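Please open the model in your viewer and keep the selection tool at hand.

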Amino acid sequence: MDLTETQPAVGSSAGDELLKLSGISKSFPGVRALNNVHLEVRRGEVHALLGENGAGKSTLMKILSGAYSKDTGEIYWEGRLIDIHTPKDSQDFGIGIIYQEFNLVPQLSIAENVWLRREPFRNQALHLIDWTEMRRRTKELLDELHLDLDPKRPVDGLGVAHQQMVEIAKALSLNAKLLIMDEPTSALTDTEIEQLYDVIRKLKARGVSVVFISHHLDEVFAICDRGTILRDGEYIATVDLKDTSEDQLINFMVGRSLDQQYPKVGAKRGAEALRVEGLNRAGVLEDISFSAYTGEILGIAGLVGAGRTELMRAVFGADPIESGKVYVFGNEVKLDSPRAAIQAGMGLLPEDRKYQGLVLILSVLQNVSMASLDRLKKHGLLQLGDEKKRTNEFVTKLRIATPHIQQQVQFLSGGNQQKVVLATWLASQSKVLIFDEPTRGIDVGAKVEVYNLMNTLVESGVAVIMVSSEMPELLGMSDRILVMHEGRLAAEFDRAEATQEKVLAAAMGVN
Ligand SMILES: Nc1ncnc2c1ncn2[C@@H]1O[C@H](COP(=O)(O)OP(=O)(O)OP(=O)(O)O)[C@@H](O)[C@H]1O
Ligand SMILES: [Mg+2]
């Protein structure tokens, strides 16, 4: 086929094209996930795949990886029309995918994971694995990625970033020409993200192409060359990122521009809703005391590992402590289980939603009403009508992409699952709400809606505590910011005095 005849993406010269998807459609029961979608990826480019939660990004990539089959459309690989039916097909063509949930076997070593089911043999007939050769080749791959890791090390002791690198090494060992990364940075620290960028630049230099999915536009501008935007399963545009502004991207993604990314309203600070006194847990939390008030958003800053999540879990009674007290509106809360905290009027949106916050086989409706069941039971009867109405309101407000509220949560896209957990707690009528990384994985448009809902909460007299690693969000939405450093409270700033520099310095332990 003559590639020059097909509609070219911006400034494309068809010769360096590695992959071209044309007219791809895919439906699930009740959901049209992709409708006539196009994508072109050139050799050695980093191509961003952009769009709101539920736009169809992961679905399109799963078609490429052989996890899903397309309904219609064509896939061209190095100019040839191909078909991908299984993950093996995809691998054989040279496509590697790194999912957010890794596919490593924790008990096996790095080398064994990289060469799993493709082990080099010393004697093929006798099935004798050539361990020396396997480790040598693994070491080569790790060196190439500038990773100082022992190939013999078991994978389960590695942090997320290193596990991700093992996945990348595995893809390289398969001679992948295209590497798909679906939200690779969501569990990484800033330093690890920089390391990932380095690896991506090295892959580029080798002529490997990367498809990069992220809701962080700063990352997209930092590492990607071009980007393709999807909206509601439709192809919107392909752009050269160096000629595109953040506003333009948001416009393409959301279909409108956002007048304000951080719509802060000042509510009136009221009573002390939460008081934490002298919380201690050896090696994790050291003598922590603070208060949160109704009508305020209290931001909690700190580097990854500073103990922010641990502090919130301890306050909520989810983790054991050695000493300390927690009061909600002056009443002491027993800290032996979250049950007491919930009864006292507290709610915690956990950082790790998939495992802590959702029942995947239950419906959107059942999940949203979970935290508020007591409230809905009037005279011992469940008011099903109210429950449905509230859930539908949240679905509209947070733009949760689901065919109906009876849909099982496991069939929602990653970001939409997170919105359901958010809705669960927003619906709970808690008086003290703790949000741990509330907007992680949520698209730019929906973030603003989450902030608007937080505003509504504080205006109605709720105390909101927001743990966040995103500095603009903390500075943009908090009335006060507490900064943690190595298990201690290192500083406190009022909204007016807080700056990125001051907060960062305190988080790093600089006075
Ligand atoms: N196995 C499935 N069964 C039913 N519906 C599905 C399935 N997989 C995806 N969908 C639906 O297809 C649509 C696109 O989902 P997809 O996961 O591709 O979105 P996404 O762009 O990756 O979003 P996010 O940014 O939230 O990860 C969503 O409406 C989702 O609910
Ligand atoms: Mg996705």
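Begin by selecting Leu279, which stands opposite Ile288 in S14. This is a predicted model. Next, display the open sheet to which they belong: it has 4 strands in the order S14-S13-S16-S17, with antiparallel pairing. Strand S14 (285–293) and strand S17 (331–332) stand at its edges, and each has a single partner strand, so one side of each is left without a neighbour in the sheet.

Now move to strand S10 (residues 209–213). Are its residues buried or exposed? In S10, 5 of the 5 residues are buried. To inspect both faces, colour Ser209, Val211 and Ile213 for one side, and Val210 and Phe212 for the other; every one of these is buried.

Select the neighbouring strands next. Strand S3 (residues 46–50) runs parallel to S10 and is joined to it by 4 bridges; here Leu49 has Ile213 as its bridge partner. Strand S9 (residues 178–182) also runs parallel to S10, with 5 bridges between them, and Leu178 stands opposite Ser209. Trace the chain from S9 to S10: it passes through helix H6 (residues 190–205), and this β-α-β crossover is right-handed.

The next selection is helix H5 (residues 160–173). Its 14 residues reach 20 Å from the first C-alpha to the last, close to the 20 Å expected at 1.5 Å a residue. The helix is mostly covered, with 10 of its 14 residues buried; among them are Met165, Val166, Ile168 and Leu172, and also Glu167 and Lys170. Which elements cover the buried residues of H5? They include strand S6 (95–98), helix H3 (110–114), helix H4 (131–144), S9 and H6. Past the end of the helix, select Asn175, which follows H5 and has a positive phi, near 60°.

Finish at ligand 1. Show the 18 residues around it, of which Phe28, Asn53, Ser58, Ser413 and Gly415 come nearest. Then highlight strand S2 (31–42), helix H1 (57–64) and helix H15 (414–426), each of which supplies at least two residues of the shell. Colouring the shell around ligand 1 by class shows 7 nonpolar, 10 polar and 1 charged residues.

Technical notes
Residues numbered from 1 in each chain as written. Chains lettered and ligands numbered in written order. Predicted model: local features only at pLDDT ≥ 70, side-chain atom pairs only at ≥ 80, totals over all residues. Near = placed C-beta within 6 Å. Nonpolar A, V, L, I, M, F, W, Y, C, P; charged D, E, K, R; others polar. Buried ≥ 20, exposed ≤ 12 C-beta atoms within 10 Å, placed from the backbone. Pairing = 2+ DSSP bridges. Right-handed = clockwise from strand over helix to strand, strands pointing away. Expected span 1.5 Å × (residues − 1). Contact = placed C-beta atoms within 7 Å.
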